[in-house]
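Please read the following briefing alongside the sequence and the coordinates.

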Amino acid sequence: MLVIEAILFRDGIYGKNGILKYSLIVILTFILGYIVFLIWRLFFTKPSITLESDHVISMKHQRYDASQIECIYMNYRRIGIKLYGKRLVPMDLCFYFRRGQESEGVEAVHEWAAKNNKEIKHKFFQTLG
C-alpha cells in the first residue's frame, strides 16, 4: 500500500494539473494518517479478556459461550481457556494478570468457573499460535 502511495504521490507531484495535484496530496495524506493510526493501535493498545456471566470475550473480540469452554488451565501465572474439541489453547484465550492484580484476577476466574461449572486444572498447557 505504501509503494502504491509513493508511486501516486510522485506522479501527482510532477503532473501539471493544479486541482488534481492538491486533491491527490489530500487523499494520500489521509491514507498515510490511517496507516499510522493502524500501527499505533497495533502496538499501543493493551489486549484484554472479558469474563461475562455466561460467555468470554477474547483478545480478538470473539465471543465464546460457556458451553464451548471445556476447562480452564492455570500454569504458574499463565491462564488459558480450553475449548471443546481442541487439543491446544488458542493464543487469544491465553493471558496473564498484572503483578498487583493477580490475587483479585485469579479469584474472579475461580468465581466464573464455579458459576459456569467449569473445572480448573493446574497443569502445563500448550497454546495454538
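Is N116 buried or exposed? N116 is buried, at a relative accessible area of 15%, where buried means under 20% relative accessible area, exposed over 50% and partly exposed in between, with a 1.4 Å probe and protein chains only. This is a predicted model, in which local features need pLDDT of at least 70 and side-chain atom pairs count only at pLDDT 80 or more, while totals for chains, interfaces and linings use all residues. Residues are numbered from 1 along each chain as its sequence is written, and side-chain values use heavy atoms, with hydrogens and water left out.

**Surroundings of N116**
- N116 lies in the loop between α3 (102-115) and β8 (119-122), helices (H or I, at least four residues) and strands (E, at least two) being DSSP runs numbered from the N terminus.
- Not counting residues up to four places away in sequence, N116 touches S53, D54 and A66, a contact being heavy atoms within 4.5 Å.
- The C-alpha atoms of N116 and H55 are separated by 9.1 Å, although the two residues are 61 apart along the chain.

**Aromatic pairs**
- The structure holds three aromatic pairs, defined for rings of Phe, Tyr and Trp (its six-membered ring) whose centres lie within 6.5 Å, with planes under 30 degrees apart counted as stacked, over 60 as edge-to-face and the rest as tilted.
- One of them is the stacked pair of Y73 and F125, at 5.7 Å centre to centre and 15° between the planes; this pair links distant parts of the chain, with Y73 in strand β4 (residues 69-75) and F125 in the loop between β8 and β9 (127-128), 52 residues apart.
- Y73 is buried at a relative accessible area of 8%, and F125 is buried at 3%.

**Open sheet**
- Three strands form an open sheet in the order β1-β2-β3 with antiparallel pairing, where two strands pair if DSSP finds at least two bridges between them.
- β1 (50-51) and β3 (63-65) stand at the edges, each with a single partner strand, so one side of each lacks a neighbour in the sheet.
- T50 has I57 in β2 as its bridge partner.

**Salt bridges**
- The structure holds three salt bridges, each a side-chain nitrogen of Lys or Arg within 4 Å of a carboxyl oxygen of Asp or Glu.
- Among them, K82 and E70 meet at 2.7 Å, N to O, and this pair joins strand β5 (residues 78-83) to strand β4, 12 residues apart.
- K82 is buried, with a relative accessible area of 8%, whereas E70 is partly exposed at 28%.
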